[in-house]
Amino acid sequence: MCGRVTAERAGQGIRVAGWVHRRRNLGGLYFIDLRDHGGLLQVSVSPDTCPPELVELVRDLNPEDVIQVEGAVAMRPREARNPAMATGEVEVAAAKIKRITESEPLPILVYQPPEEDLPSEELRLRHRILDLRRPEMQHNLRLRHRSAQAVRRSLADEGFVEIETPLLTRQTPEGARDYLVPSRVHKGRFFALPQSPQLYKQLLMCSGFDRYFQIVKCLRDEDLRADRQPEFTQIDIEMAFVGQEDVFRVAEKMFAAVWEEGAGEDLATPFTRITHADAMEFYGSDRPDLRIPWRIADFTDLLSGRGFGILDGAVSAGGRVRGVVAKDGASLSRKRIAHYDELAREHGAKGALWMKRNPDGWSGPPARIVDDELAARLEHETGIEPGDLVWLMAGPDHLILPALGALRLASARELGAVDKSESRWAWITEFPLFLPDEETGSPVPAQHPFTMPLDPDPERLRDDPLSVKAVAYDVVCNGMEFASGSIRCHLSETQRAILSTMGLNDEEIEARFGFLLEAFRYGAPPHGGFAAGFDRMIAVMAGAESIRDVIAFPKTAAARGLMERSPSLVSADELEELGIDTSKAEADPPPAG
RNA sequence: GGGGCUGUAGCUCAGCCUGGUUAGAGUGCCGGUCUGUCACACCGGAGGUCGCGGGUUCGAAUCCCGUCAGCCCCGCCA
C-alpha cells in the first residue's frame with residue numbers, strides 16, 4: 001500500500017498503517033517515512049493544520065513504532081518532490097494518527113544508513129525479525145515465493161502431482177550423516193530425517209504416479225558452508241516411462257520459467273550439453289563456469305621432447321602436458337603467480353608452470369625452449385597473443401586437470417574474463433557410474449546405487465566397473481551445480497550386478513534397500529528425475545553471497561539457531577522417557593550478547 | 001577434525017604492527033533550536049567488562065597462550 005500511492009490519488013482520503021521508518025523534525029513541521037511491505041510513503045504533520053495533540057504524539061514516535069495514519073493524499077510542493085522515491089511526488093497530510101504499538105530502542109536498525117556496513121551476521125541472525133524487515137530481505141523472500149509459484153505452475157502444466165513424503169523415515173543409503181529422532185514408543189530406535197526423498201519418489205513411480213514433484217526440506221548433519229545449511233530445500237522431481245531427453249525438456253522448461261519470473265532473464269534452451277569427460281578435459285571441473293571463454297588445451301605435442309625436464313619427465317611417465325591461456329595474464333606480478341602456484345598445490349598438482357607472451361618475446365621457466373618455430377606454432381595453434389599468459393601443468397590428468405581448472409577460474413576472475421552479461425547453463429552428462437574409493441581403490445557408486453548405466457551389460461559392470469558411464473546428469477549454471485539427477489535402473493539383472501560390484505551381499509542389500517527392491521519386483525516402470533537446489537537458485541537470482549540471505553530463519557556455520565537458541569537441552573524426564581543418557585553431552589553454551 | 005579472518009559505545013568502524021595522558025569518530029539514543037525535509041541542518045549531553053580467562057611487563061585494547069562466538073575455506077557433504 002505505502003509504496004503504491006501515486007499522484008493519481010491526490011486529493012483522496014486515505015488510511016494507511018505501517019512502521020515508522022524515519023522521522024524528520026523541522027521545528028514543529030514533521031515528516032514521517034511510513035514503511036510497509038510495499039515501500040515507503042511520506043506523511044507530513046504540520047502544526048498549522050494539525051491539532052497540538054497530534055503534533056505531540058508525533059514528537060514522541062520512535063523508529064519501528066506501528067502507526068495508523070488517516071489523512072489526504074496531497075501533491076508535494078514542486079520543489080519538494082523526491083525523484084529518488086517511488087512515492088516521491090506525493091505525501092499524506094495527516095489528520096489523525098493512532099499509535100498501535102510502541103517499539104523499544106532497537107538493537108539493530110531496520111533503516112540502513114548509507115555507506116555503513118550491515119550489522120554483523122551474528123546480530124542479524126539473533127534479531128532476525130528486525131533483519132527481515134529490511135527491504136532487501138523482504139525482496140529476497142518474496143522472490144523466493146514467486147519462484148516457488150513459478151515452479152508449481154510450470155510443473156502442474158506438465159501434469160506433475162505434488163506429493164508429500166515422510167519426514168520421519170529410516171536411514172537411507174546416501175552418504176551424509178543423518179539427523180536422528182528418537183522413538184518414545186520404541187526405545188533405543190531412531191527415525192532419520194530425510195537427506196532427500198530419493199527412495200520415496202522412486203516408490204511413487206512404482207505406485208503409478210507417473211509425474212511427481214515436491215518442494216521439500218532435506219536434512220544433512222554435515223559441516224556447513226556459505227551455500228550449505230543443515231536443512232535446505234530441493235525441487236524434487238521424478239517421471240515414469242521417460243528417458244533422459246524427457247527429463248531434460250521438463251527441467252529446462254522449469255528453470256526457464258523460474259528465471260523469467262525471478263531474474264527477468266529469458267534462458268536459451270535447450271541448454272548446452274557437455275559430457276563429464278569433456279568438462280574435465282576442457283574446464284578441469286564437473287561444474288565449469290562457461291562465462292569464461294578459456295578452455296584447457298593439450299600442449300603435449302607442442303612442448304614435450306624439447307628438453308624441458310619437468311615436462312619431458314611427466315610425459316615419459318605417461319602423463320600429458322596441458323595448459324590454459326589466460327588472456328591479458330602477462331600483467332600478473334611475480335607475487336600473484338606465486339599465489340596461483342600455491343593454489344595449484346592446494347588442488348593436488350605439484351605446482352603451476354607459466355609462460356608469458358610479452359610484447360618483446362617470451363618469459364617464464366619454459367621460455368628457454370621456445371624457438372622461432374615453436375613460437376609461431378604456439379601463436380597459431382593455441383591463439384596465444386602478446387599480453388597473454390599460459391598456465392601449464394604436466395602429469396596424470398586426474399591430478400593436473402582439477403588444478404588447471406582452479407587456475408582457470410581464479411585467474412579469469414582476477415583478470416575480468418568472466419562475462420557477467422547473462423547466465424550460462426549446461427547439462428553435464430555421462431557421469432561415471434563408479435568412482436574408485438580414495439583409500440581402497442574399490443568402486444563406490446558416484447551417485448546412488450540405482451542409477452542406470454549407459455551400457456547395461458552386467459559382465460562389463462563386474463569386469464571393468466570404473467569404465468562404465470551412467471545416465472546421470474547435472475545442471476550447471478555459472479559454475480554452480482543447481483541440479484543433479486539420473487535415469488534409474490529398472491533392469492533387475494543390471495541392478496544386481498551394480499550392487500554386487502559395490503561389494504554388498506544379499507543380506508545387506510535386503511536390509512538397506514529391501515523396500516525399494518520389493519517395489520521393483522511387482523512391475524517397475526522405467527523412470528528417472530532430478531533434484532534442484534532451490535536455495536542456491538534463489539541466492540543467485542537475488543545476488544546474495546550466502547543462501548542464509550534467502551532463508552527466513554537460517555542456522556549459523558556451527559548449525560545453531562541464534563534467535564531461538566537451538567539446539568537446546570531438554571528435561572531429564574523427557575530423556576528418561578526416550579531412554580537416552582546424555583552424560584557425555586556438553587553444557588549449554590552461555591547465552592551470547 | 002584442520003587452516004584463515006573478525007570480536008573496541010545500541011550499531012558501523014578507527015586505534016593494535018611500534019605497549020605509556022582521561023580509548024576516539026560517524027550513526028543511533030536523550031535534551032534544545034529550526035515550518036518543505038527526505039542521510040534534514042545546527043548546539044549540548046549521556047553512553048565502554050576493548051568477547052572471556054590467564055601470562056609477560058613498572059604499565060596491556062595493543063605482545064604471548066588458552067578459550068568462546070560469528071564468518072570464510074579444506075576435509076566432509078548431492
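**View 1. In helix α11 (residues 372-382), Leu374, Ala375 and Leu378 are buried.** This is a predicted model, in which local features need pLDDT of at least 70 and side-chain atom pairs count only at pLDDT 80 or more, while totals for chains, interfaces and linings use all residues. Residues are numbered from 1 along each chain as its sequence is written, chains are lettered from A and ligands numbered from 1 in the order in which they are written, and side-chain values use heavy atoms, without hydrogens and water. Buried means under 20% relative accessible area, exposed over 50% and partly exposed in between (1.4 Å probe, protein chains only). The cover over the buried residues of α11 includes α8 (300-303), β14 (353-358) and β15 (361-363). Just after α11 comes Gly383, with a positive phi of about 75°. Helices (H or I, at least four residues) and strands (E, at least two) are DSSP runs, numbered from the N terminus.

**View 2. Helices α7 (residues 276-283) and α12 (residues 397-414) cross at roughly 60°, their axes coming within 8 Å.** The two helices are therefore oblique to each other, a label for angles that are not under 35 degrees (roughly parallel), over 145 (roughly antiparallel) or 65 to 115 (roughly perpendicular). Axes are lines fitted to C-alpha atoms, for helices over the stretch in contact, with angles from 0 to 180 degrees between N-to-C directions. From α7, Met280, Glu281 and Tyr283 make the contact (heavy atoms within 4.5 Å), and α12 brings Leu401, Pro402, Gly405 and Arg408.

**View 3. Eight strands form an open sheet with mixed pairing.** Their order is β6-β9-β10-β22-β21-β20-β17-β11. At the edges are β6 (161-162) and β11 (272-275), each pairing on one side only; two strands pair if DSSP finds at least two bridges between them. Helix α5 (residues 198-206) packs on the sheet, where it touches β9 (211-219), β10 (231-240) and β22 (527-533), and its direction makes about 25° with that of β10. Strands β17 (residues 425-429) and β20 (residues 472-477) run antiparallel, joined by four bridges. Opposite Ala426 you can find Val476 in β20.

**View 4. Strand β3 (residues 39-45) is mostly covered, with five of its seven residues buried.** Seven bridges pair β3 with strand β2 (residues 30-36) in the antiparallel sense, and a hairpin through two residues joins β2 to β3. Ser44 in β3 has Phe31 opposite it. Strand β5 (residues 90-101) runs parallel to β3, joined by two bridges, and there Ala93 is the bridge partner of Ser44.

**View 5. Arg128 lies in helix α3 (residues 128-133).** With 2% relative accessibility, Arg128 counts as buried. Beyond its neighbours within four places in sequence, Arg128 is in contact with Met137, Arg548, Ile551, Ala552, Phe553, Pro554 and Met563.

View 6. Most residues other than glycine have a negative phi, and most peptide bonds are trans. The Thr269 to Pro270 bond is cis, with omega near -10°, and Pro270 sits in the loop between α6 (244-263) and β11. Phe241, in the loop between β10 and α6, has a positive phi near 60° and counts as exposed at 65% relative accessibility. Ala559 also has a positive phi, of about 60°, and is partly exposed at 26% relative accessibility.
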